[in-house]
Amino acid sequence: MSSYIEKVRSVNEKREAPPLAHVHNYGCQLNVTDGEKLKGILLQMGYGFTELPEEADLVIFNTCAVRENAEERVFGNLGFLKQYKEKKRDMIICVSGCMTEQSVIVEKIKSSYKYVDIVFGTNAFDRFPQFVFEIMNGRKHFYDEQGPGNDLSEGIDQIRSSTFKASVPIMYGCNNFCTYCIVPYVRGRERSRSPEVIVDEVRKLVNDGYKEIMLLGQNVNSYGNDLNGDISFPELLRMINAIDGEFIVRFMSSHPKDAGKDLIDSITECEKVGNFLHLPVQSGSNSVLERMNRRYTAEKYLEIIEYARSKSDDFTFSTDILIGFPNETNEEFEDTLKIVEKARYSNIYSFIYSKRTGTKAALIEDAVPYSEKQERMQRLLELQRQITTEDYKKYIGKTLTVLCESEGKGGEGTLTGKSREFIIVNFCGDKSLIGSFVKVKITGARNWAVDGELV
Ligand code: SAH
Ligand code: SF4
Ligand code: F3S
């Protein structure tokens with residue numbers, strides 16, 4: 001890779017001013033991490049950065065394929081780029097990320113977005129400098145269609161957007177093939193990074209002052225299954241917890257089918273891990289869960305929550321819910337409301353089902369109208385609003401440790417951050433506190449956050 005980095009760099013160094021690159025990420029935290037790696041490569045190739053695509057000499061749209069609306073945004077924004085490129089003929093337009101792993105998408109770009117120069121997939125970082133070099137030297141297009149390979153893209157220096165929060169992928173890919181989900185097709189099979197490499201990376205981040213380490217994987221609970229040694233996710237968590245320094249460890253996602261007691265035990269034992277678990281349930285109906293190929297039942301799921309709360313009654317959970325899986329009946333949806341009531345999440349992320357071509361669920365004829373799904377979404381959100389309004393009151397009078405993240409909505413003098421329990425906490429204080437841990441005494445509760453005072 002490096003020879004092409006040098007080649008592009010020497011072209012860029014001949015320009016009067018360094019050329020500018022614009023990278024826009026459309027997806028999850030893993031997608032953002034990929035974007036940070038691409039920025040690292042761009043910097044080595046001699047690019048500076050701009051937030052404005054119209055100012056850029058090279059644009060990367062780093063895409064997400066998980067739902068249709070994410071894809072529509074990409075095509076909408078690509079439309080805008082056309083006018084910029086007409087004014088600036090040598091602008092290089094690249095589309096990367098999960099969408100490009102679908103041949104229908106690449107075909108659509110080839111036929112309707114001919115001004116896109118480079119299309120490359122989730123594992124083509126090492127070849128990206130070559131693509132740029134060839135376009136600079138007169139090649140018309142580069143469409144990389146190798147598919148989601150199996151490398152781990154190690155050794156790329158990221159340009160991180162935060163100085164105190166860092167994501168660290170621990171594994172790539174997914175083997176689960178939930179019937180609605182495109183991720184296994186666009187990200188390939190599970191590959192775990194070596195525990196030593198992960199621990200080294202976290203240690204370095206902590207030494208550089210990072211306060212929150214977010215471990216990423218589509219299902220962190222299957223971490224290590226593909227490594228010969230016997231390392232499991234709870235063991236990795238303990239290794240990371242043993243690193244010296246003041247920091248908090250979070251992770252996502254955790255598939256309920258392999259979330260066992262050992263996971264909960266490791267969370268409660270590790271003082272750097274908050275008593276918090278994001279545990280996507282998707283549905284509370286056993287029939288829907290089976291049609292989704294989730295491989296657990298509502299009862300098994302609730303057992304995990306009960307076990308965690310038997311160990312620590314302040315254990316909090318958040319979840320993902322998929323509304324309107326094909327032919328989900330009203331009764332099946334009511335089962336989702338029931339599990340939400342029982343689990344008492346501190347937060348839910350809910351999505352209306354989006355048909356993904358290539359998945360099994362896409363073959364099912366769906367009789368439920370979209371308006372019905374939207375009504376279900378409203379009912380779910382209303383229920384969750386009642387739960388958080390009630391449950392957040394229990395924090396009043398308590399003092400929480402909060403990582404201060406940014407200025408609050410109230411402007412100067414107001415701050416916001418997240419507690420170890422992943423609750424949003426608003427308080428007043430000086431912005432010099434951003435990026436550090438503070439103690440906040442909670443004085444009030446809203447349905448999406450709590451308010452407090454610095455102690
Ligand atoms: N690996 C993670 C999920 C990653 S995708 C896990 O299993 O928990 C994040 C969320 O997007 C999923 O939890 C699901 O709720 C939602 N999602 C996935 N496919 C979807 C689709 N086709 N339509 C709507 N939402 C979807
Ligand atoms: Fe998608 Fe299921 Fe894999 Fe999560 S576990 S990425 S929902 S297939
Ligand atoms: Fe993430 Fe979207 Fe890809 S959620 S893994 S960027 S499909």
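## Basis of the model

This is a predicted model, in which local features need pLDDT of at least 70 and side-chain atom pairs count only at pLDDT 80 or more, whereas totals for chains, interfaces and linings use all residues. Residues are numbered from 1 along each chain as its sequence is written, chains are lettered from A and ligands numbered from 1 in the order in which they are written, and side-chain values use heavy atoms, with hydrogens and water left out.

## Overall architecture

The protein chain has 13 helices and 19 strands, taken as DSSP runs (helices H or I, at least four residues; strands E, at least two) and numbered from the N terminus. Its C-alpha atoms fill a box of roughly 65 × 55 × 50 Å along the principal axes. The radius of gyration is 23 Å, which agrees with the value near 23 Å for a compact globule of 455 residues; the radius is taken over C-alpha atoms, and the globule rule is 2.2 Å times the number of residues to the power 0.38.

Of the 455 residues, 55% are buried (under 20% relative accessible area; exposed is over 50%, partly exposed in between; 1.4 Å probe, protein chains only). Among contacts (heavy atoms within 4.5 Å) with a separation of 6 or more, 73% join residues 24 or more positions apart. The accessible surface comes to about 20200 Å², with 49% belonging to carbon and sulfur atoms, by the Shrake-Rupley method with a 1.4 Å probe.

## Helix α2

Helix α2 spans residues 29-44 and reaches 23 Å from its first C-alpha to its last, close to the 22 Å expected for its 16 residues (1.5 Å times one less than the number of residues). Its buried residues include L30, L38, I41 and L42, together with D34, E36 and K37. After α2 comes G46, with a positive phi near 95°.

## Backbone exceptions

Most residues other than glycine have a negative phi, and most peptide bonds are trans. The bond from M252 to S253 is cis, with omega near -5°; S253 is in the loop between β11 (248-252) and α9 (261-269).

N293, which is not a glycine, has a positive phi of about 60°. N293 lies in the loop between α10 (286-291) and α11 (298-311) and counts as partly exposed at 26% relative accessibility. R344 also has a positive phi, near 45°. This residue is found between α12 (330-343) and β14 (347-352), in a loop, and is partly exposed, with a relative accessible area of 29%.
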